[in-house]
Amino acid sequence: MTQRIAVIGAGIIGLSVARMLALKGAQVTLFDKSVPGAGTSQISFAWVNANGKSPESYHSLNAAGIEAHKRLQRNSGATTPWLLETGTWEWAADSAMRAQLETRVARLIRLGYPSQTVTREALLAHFPELRLDARIQQGWFFPSECLLYPGLLIGWLRNQVRSLGGQLFPYTEVIALSEQASGVTLELSDGERWVGDRVILATGRWSAELVSQLGFDLAMTDANRPDNVACSFLAYTDPLPLQINSNIISPELNIRPEGGGRLLLQALDLDEHADPARPVSTEGAIGQAFLRRLRRMFVQTEGARIARIEVGQRSRPADGLPALGFVGGSGRIYLMVSHSGMTLAPVLGELVAEEMMTGRRSEMLADFAPQRLMTPFTGKSGGNTPAYLPAAQ
Ligand SMILES: Cc1cc2nc3c(=O)[nH]c(=O)nc-3n(C[C@H](O)[C@H](O)[C@H](O)COP(=O)(O)OP(=O)(O)OC[C@H]3O[C@@H](n4cnc5c(N)ncnc54)[C@H](O)[C@@H]3O)c2cc1C
């Protein structure tokens with residue numbers, strides 16, 4: 001009999017799993033309290049990578065994420081590519097940073113992750129407008145890494161879900177969920193009800209709210225907390241005459257092309273000032289710091305302008321690792337919440353749809369059951385974050 005599965009949340013993760021479920025023959029209904037991609041997926045650096053991700057099982061999952069992205073784009077038949085297979089270029093400012101980078105690269109090479117050293121000359125040839133400190137004689141290149149245009153992929157996934165017979169209800173919040181022996185019932189904000197066989201919670205940073213209705217606190221980083229674990233500034237420039245076609249991770253700025261000559265900038269050391277309740281202006285101290293750094297790094301940036309600065313809010317389980325598996329007593333409600341969702345969405349879509357439809361759980365998900373983050377409900381969850389911050393996105 002056809003399985004009726006609801007996916008709550010039409011971010012990159014919910015859309016990815018909804019498409020795979022529909023491909024496998026499920027009757028899929030997708031609900032979002034806003035529009036597809038309007039949550040964390042809208043404000044993301046979207047660097048597809050497995051760089052600096054621990055433990056090894058998390059690295060492997062992310063490495064599989066890169067391959068799943070490449071497969072998806074190759075097989076999609078889409079005329080507008082959303083994945084730039086450009087690799088990442090990185091360098092260090094001083095000997096301490098360089099030693100850290102060398103340790104990270106040595107581990108990546110042990111894990112079989114493509115990593116190369118590059119000369120100063122190669123860096124300058126690849127980025128002709130770069131002003132590189134004379135002390136920097138070497139960098140690293142990670143050729144398998146990619147950049148994603150999330151809006152393009154989200155649009156394609158949304159169309160795919162619909163053309164495979166799935167239904168999508170935007171502006172429809174799931175306000176309550178309950179399990180019965182025979183199925184799951186969702187109460188919707190428009191007063192309607194959905195009744196079906198199974199539900200996936202792909203509700204990102206809001207996941208604790210619905211999990212609490214199943215009787216559990218879910219330990220998530222409080223995404224409203226003003227600090228660098230929960231939040232990050234992203235600065236979008238106006239178009240610039242620079243030849244930057246790949247990802248840069250540098251001591252002062254992370255930089256990626258954003259289309260039409262625009263760049264997207266991130267500076268992790270500024271993020272201690274990030275507060276979702278206090279938007280910053282492009283003219284203020286944070287905007288000026290981004291501009292100063294950009295001008296120091298490249299020639300032809302005298303006229304550079306920051307068009308806007310956003311505060312991204314992470315969707316992050318408290319230990320930084322994904323939470324993927326059934327919650328509740330009936331084996332009908334499945335949680336999918338993860339940081340690094342831009343990298344992971346296609347592979348998680350494949351693995352979770354397979355588990356839902358066949359009962360077979362991939363070995364790749366063995367370390368990520370959500371129970372490690374769940375305690376009986378007290379109403380006090382949120383902001384429960386250990387002092388662990390992944391080195392990479
Ligand atoms: C600044 C920043 C930089 C990042 N950089 C990277 C990077 O370089 N590489 C990388 O891999 N990852 C990166 N990430 C992480 C990545 O963006 C996220 O992991 C990913 O977007 C999460 O997607 P999601 O679908 O789980 O969540 P979301 O996109 O937030 O989707 C959840 C959806 O659920 C809906 N929803 C919630 N509750 C309900 C409800 N009750 N009823 C109906 N709908 C509901 C919301 O409206 C939302 O649309 C970054 C994140 C940030 C903040």
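## A hairpin and its sheet

A hairpin of two residues connects strand 10 to strand 11. Helices (H or I, at least four residues) and strands (E, at least two) are here DSSP runs, numbered from the N terminus. The model is a predicted one, in which local features need pLDDT of at least 70, side-chain atom pairs count only at pLDDT 80 or more, and totals for chains, interfaces and linings use all residues. Residues are numbered from 1 along each chain as its sequence is written.

Strand 10 (residues 174-180) and strand 11 (residues 183-188) are antiparallel and share six bridges; two strands count as paired if DSSP finds at least two bridges between them. Gln-180 has Gly-183 of strand 11 as its bridge partner, and Leu-177 stands opposite Leu-186 of strand 11. The two strands belong to an open sheet of three strands, with the order 10-11-12 and antiparallel pairing. Strand 10 and strand 12 (193-196) form its edges, each having a single partner strand, so one side of each lacks a neighbour in the sheet. From one strand to the next, the twist averages 15 degrees.

## Helix 1

The 12 residues of helix 1 should span 16 Å at 1.5 Å a residue, and the 17 Å between its end C-alpha atoms agrees with this. The expected span of a helix is taken as 1.5 Å times one less than its number of residues. Helix 1 is mostly covered, with 11 of its 12 residues buried. A residue is termed buried if 20 or more other C-beta atoms lie within 10 Å of its own, exposed if 12 or fewer do, and partly exposed in between, with C-beta atoms placed from the backbone.

The buried residues of helix 1 include Ile-13, Gly-14, Val-17, Met-20 and Leu-21. The buried residues of this helix pack against strand 1 (4-8), strand 2, helix 5, strand 13 (198-201), strand 21 and helix 8; contact requires that the C-beta atoms of two residues, placed from the backbone, lie within 7 Å. After helix 1 comes Gly-25, with a positive phi near 100 degrees.

Helix 5 (residues 150-163) has 14 residues, which at 1.5 Å a residue should span 20 Å; its end C-alpha atoms are 20 Å apart, in agreement. Buried in this helix are Pro-150, Leu-153, Ile-154, Leu-157, Arg-158 and Val-161. These residues cover an arc of only 135 degrees around the axis, which puts them on the same side of helix 5; the arc is that of the directions from the helix axis to the C-beta atoms. An α-helix has 3.6 residues a turn, so residues three or four places apart point the same way. Helix 1 (12-23), strand 2 (27-31), strand 8 (146-148), strand 9 (167-169) and helix 8 (341-358) are among the elements that cover the buried residues of helix 5. Just after helix 5, Gly-165 has a positive phi of about 95 degrees.

The axes of helix 1 and helix 5 come within 9 Å and cross at roughly 35 degrees. Axes are lines fitted to C-alpha atoms, for helices over the stretch in contact, and angles run from 0 to 180 degrees between N-to-C directions. The crossing is left-handed, a term used if the near helix is turned anticlockwise from the far one by less than a right angle, whereas clockwise would be right-handed. Helix 1 contributes Ile-12, Leu-15, Ser-16, Ala-18, Arg-19 and Ala-22 to the contact, and the residues on the side of helix 5 include Leu-153, Leu-157 and Gln-160.

## Backbone exceptions

Most residues other than glycine have a negative phi, and most peptide bonds are trans. Ala-46 has a positive phi near 55 degrees and is found in the loop between strand 2 and strand 3. Ala-46 is buried, with 26 other C-beta atoms within 10 Å. Ser-340, likewise not a glycine, has a positive phi of about 55 degrees. Ser-340 is placed in the loop between strand 21 (333-337) and helix 8, and counts as buried with 26 C-beta neighbours inside 10 Å.

Ser-54 and Pro-55 are joined by a cis peptide bond, with omega about 0 degrees. Pro-55 lies in the loop between strand 3 (47-48) and helix 2 (56-76).

## An exposed loop residue

Gly-260 is located in the loop between strand 17 (254-259) and strand 18 (262-266). Gly-260 is exposed, with 7 other C-beta atoms within 10 Å. Its C-alpha atom is separated by 44 Å from that of Thr-358, 98 residues apart along the chain.
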